[in-house]
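I set out to record what I looked up in this structure. The entries follow in the order in which I made them.

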Amino acid sequence: MWHKVALVVLLLSASQVGAAVKELRPVTLQQVIGHGMKYGREMRRIETVFREARARYRETRSTFTPSVTLTGNDNGRRTSSIYKRLKKSGSLDYSFVNPGRGGNNSRSVSWKHPLFRTNDLSLDLAEVNYAISRFERTRQQVAYRFQIVSQYYEVLRLQERVKVSANAVERWKKLLDFARARYELGTSTKIDVLNAQVNLGNSENSLLANEQNLASRRDTLSDYVGYPVDVHLEAKEPLVFTTADVAVGDDWLREDLAVSRLQVARARCRTRDARRNSRPDLDWESQWTDNEGSPSEVVHSLAWTFQLGRRTDEWTFLRLQESEKSTRIELDRLAMAISIEQRDAQRRLERLERSVRIAQASVRQAEESMEFSQFSFEKGAVSAIELREAQGNLTDARSNLVNLLIDYRIAVYQYERAMGGDLE
């Protein structure tokens, strides 16, 4: 019985270990961006929102297309009518009736035209809203690409941290062996061995923490760009420092600034529409009818609708006037904020370039110090405490250089994004 239980436990443990094993797939940044733009959940949401906006625009536009009605019955009566909503001046309606069984055909044309509230602006507003939706889609796509860039480089950052931590563990293992050998020869005390063991344990714990953070970050990146959950992505970008080309492309455009300008145009359009609606409701209608066997007839009518007191539409016009002013102020604020952001992105690039060069020199100095300290420790000239300090300085210098190199890569994309690039 116990043998069967042990076998079941062994099989379950093996299955759990197998489930924990994930495929490691080397990918470049462009491969990850391409996959995310095609399969990412966020990208699907962006496209869905845009298609909804496009359908809304076409829905409004369809109200200005002619509407045709055809009817007939078994008594021979036939009717046809065409209705067209006019963008500039009301509506036009044409109808034809054939009563059947010897009856006379009749035709009529009706034109309804508001005298003071001409030029329906609903289609103009729909076109502006659709243009805003197009820019918003591009803006969100750029933001999505930048998030992929940030997450990809965080994976690369943690990969490099794991390498630095693993290298520190290997060095402390060797130094622990030296400390034990010196202790056995009687040239050092037990304190050096204990200190080396403590430093090795700290390095191993740091390595384990970095490995766990790396696995979690890889899971997040895989999910964000649409890879299966059993695939871990390995960043394969070479971490070599090269000065980036920061030339601004001719086709670069800040979509948020373009959207803000269109919002001003939309506010102006709404103000014009409100001004039109605040005018008196004088509607002119002309109707022409032609019945076979009778002379044609033309009838004109004028309808005047008014409200006692100030019209609600007048207050609406005043409110939208203030709203338009607020939108213009927001455009000025955004333009200034973008200018500050662009200058700050340029300064950040310049600062990181200098910082990387300083960090590269610091790593070379820390490596030289570590080699000298290790040689001196083996000869008994320095203690384990001094060796630990040199070891820690080297680990910190390498980690700092990795962070600066990653920050510089991200800053390049931040600069391109600030200047209006699409990050493609």
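**Entry 1**

I began with arginine 398, which counts as partly exposed because its relative accessibility is 23%. For this term I used these cut-offs: buried is under 20% relative accessible area, exposed is over 50%, and partly exposed lies in between, with a 1.4 Å probe and protein chains only. I then looked up glutamate 367, which is also partly exposed, with a relative accessible area of 29%. The side chains of arginine 398 and glutamate 367 meet in a salt bridge, 3.1 Å from N to O. This pair links distant parts of the chain, 31 residues apart: arginine 398 is in helix α8 (residues 384–419) and glutamate 367 is in helix α7. A salt bridge here is a side-chain nitrogen of Lys or Arg within 4 Å of a carboxyl oxygen of Asp or Glu. By this rule I have a count of 14 salt bridges.

**Entry 1: Basis of the model**

I noted that this is a predicted model, in which local features need pLDDT of at least 70 and side-chain atom pairs count only at pLDDT 80 or more, while totals for chains, interfaces and linings use all residues. Residues are numbered from 1 along each chain as its sequence is written, and side-chain values use heavy atoms, with hydrogens and water left out.

**Entry 2: The whole protein**

I found eight helices and eight strands in the protein. Helices (H or I, at least four residues) and strands (E, at least two) are DSSP runs, numbered from the N terminus. Of the 424 residues, 36% are buried. I also looked up contacts, meaning heavy atoms within 4.5 Å. Among contacts between residues at least 6 apart in sequence, 73% join residues at least 24 apart. The protein exposes about 25,100 Å², and carbon and sulfur atoms supply 53% of this area. Accessible areas come from the Shrake-Rupley method with a 1.4 Å probe; for residues, only the protein chains shown count as cover.

**Entry 3: Helix α3**

The expected span is 1.5 Å times one less than the number of residues.

Which residues of α3 are buried? They are Met43, Ile46, Glu47, Phe50, Ala53 and Tyr57. They lie on the same side of α3, because they cover an arc of only 125 degrees around the axis. The arc is that of the directions from the helix axis to the C-beta atoms. The buried residues of α3 pack against α2 (29–39) and α4 (122–185).

Because they are three residues apart in helix α3, about one helical turn separates arginine 45 and glutamate 42. Arginine 45 is partly exposed at 38% relative accessibility, and glutamate 42 is partly exposed at 27%.

**Entry 4: Helix α4**

In helix α4, I found lysine 163 and glutamate 160 three residues apart, about one turn of the helix. Their side chains meet in a salt bridge (3.5 Å, N to O).

Not counting residues up to four places away in sequence, phenylalanine 178 touches Gln374, Phe377 and Glu378. Its relative accessible area is 34%, so phenylalanine 178 is partly exposed.

I located asparagine 199 in helix α5 (residues 190–225). Asparagine 199 is buried, because its relative accessible area is 7%. Leaving aside neighbours within four places in sequence, asparagine 199 is in contact with Trp172 and Arg388.

Helix α7 (residues 312–378) has 67 residues. From its first C-alpha to its last, helix α7 reaches 92 Å, close to the 99 Å expected at 1.5 Å a residue. Just after α7, I noted that glycine 380 takes a positive phi of about 85 degrees.
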